[in-house]
Amino acid sequence: AALWNNGTSVTYSGVTATDNVSVASGPTCDIASGTNFAVGTTTITCSATDNAGNVGSATFTVTVTFTDITPPTITVPDNISTSSISESGMAVTYTNTTATDNIAVTTGPTCDPASGSTFPIGTTTVTCTASDAAGLTVTDSFTVTLAYTPLDSEAPTITVPSTITLTTSNTAGTAATFAVTASDNVGVT
């Protein structure tokens with residue numbers, strides 16, 4: 001079995017020639033032992049000549065199968081951080097999930113949860129897998145972090161002091177001290 005698609009070296013032995021009188025040359029084969037054989041079946045013809053010039057030949061086959069030992073390669077998106085205005089989460093779509101293989105990807109990439117799924121508030125790990133025809137599987141993951149940011153439709157509430165009346169003898173005026181506060185259902189920035 002070849003571990004790569006361009007074949008493997010095959011060594012064979014046991015090719016002999018006999019004759020009722022004597023073998024003058026051979027046996028020789030049209031493809032020598034130790035040659036690199038391509039994936040597939042190759043027919044080898046061997047021949048020998050006797051002292052009378054008679055040529056005898058025989059054939060045999062070498063079959064090389066390909067054994068894939070290289071799993072696919074998968075590419076997943078970078079970790080995603082976003083926010084939702086709903087406490088129940090939101091749908092998040094992602095792209096750039098691809099898989100390649102030295103022969104061909106037969107399954108995937110598939111991700112769980114899938115792109116477009118509703119993700120809950122918090123961090124969710126998305127696991128993606130792909131397989132090739134040899135059954136070799138690769139897995140990679142990334143995270144989707146969803147923060148809850150409620151939609152703020154209320155204006156902040158501002159608290160000011162009641163009317164302040166001051167008396168001064170200075171024509172330039174006087175300093176007034178007072179406190180103002182603000183509050184909001186989400187937060188004041």
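## Basis of the description

Strands (E, at least two residues) and helices (H or I, at least four residues) are DSSP runs, numbered from the N terminus. The model is predicted: local features need pLDDT of at least 70, side-chain atom pairs count only at pLDDT 80 or more, and totals for chains, interfaces and linings use all residues. Residues are numbered from 1 along each chain as its sequence is written, and side-chain values use heavy atoms, with hydrogens and water left out.

## Backbone features

Proline 27 lies in strand 2, and the peptide bond that joins glycine 26 to proline 27 is cis, with omega near 5°. Most peptide bonds are trans, and most residues other than glycine have a negative phi.

Asparagine 96 is not a glycine, yet has a positive phi of about 70°. Asparagine 96 is located in the loop between strand 8 (90-91) and strand 9 (98-100). With a relative accessible area of 58%, asparagine 96 is exposed (exposed means over 50% relative accessible area, buried under 20%, and partly exposed in between, with a 1.4 Å probe and protein chains only).

## Nonpolar cores

A nonpolar core is a set of buried Ala, Val, Leu, Ile, Met, Phe, Trp, Tyr and Cys residues joined through side-chain atoms within 4.5 Å. The largest such core has 14 residues, of which Ile74, Tyr94, Phe119, Val126, Cys128, Phe142 and Val144 touch the most other members. At least two of its residues come from each of strand 12 (122-132) and strand 13 (137-148), and strand 13 gives the most, with 4 residues.

Neighbours within four places in sequence aside, phenylalanine 142 is in contact with Val76, Pro77, Asp78, Asn79, Ile80, Tyr94, Thr124, Thr125, Val126 and Cys128 (contact means heavy atoms within 4.5 Å). A second, separate core has 7 residues, including Val10, Tyr12, Phe37 and Val64.

## The largest pocket

Strand 2 (23-29), strand 4 (40-50) and strand 5 (55-64) each give two or more residues to the lining.
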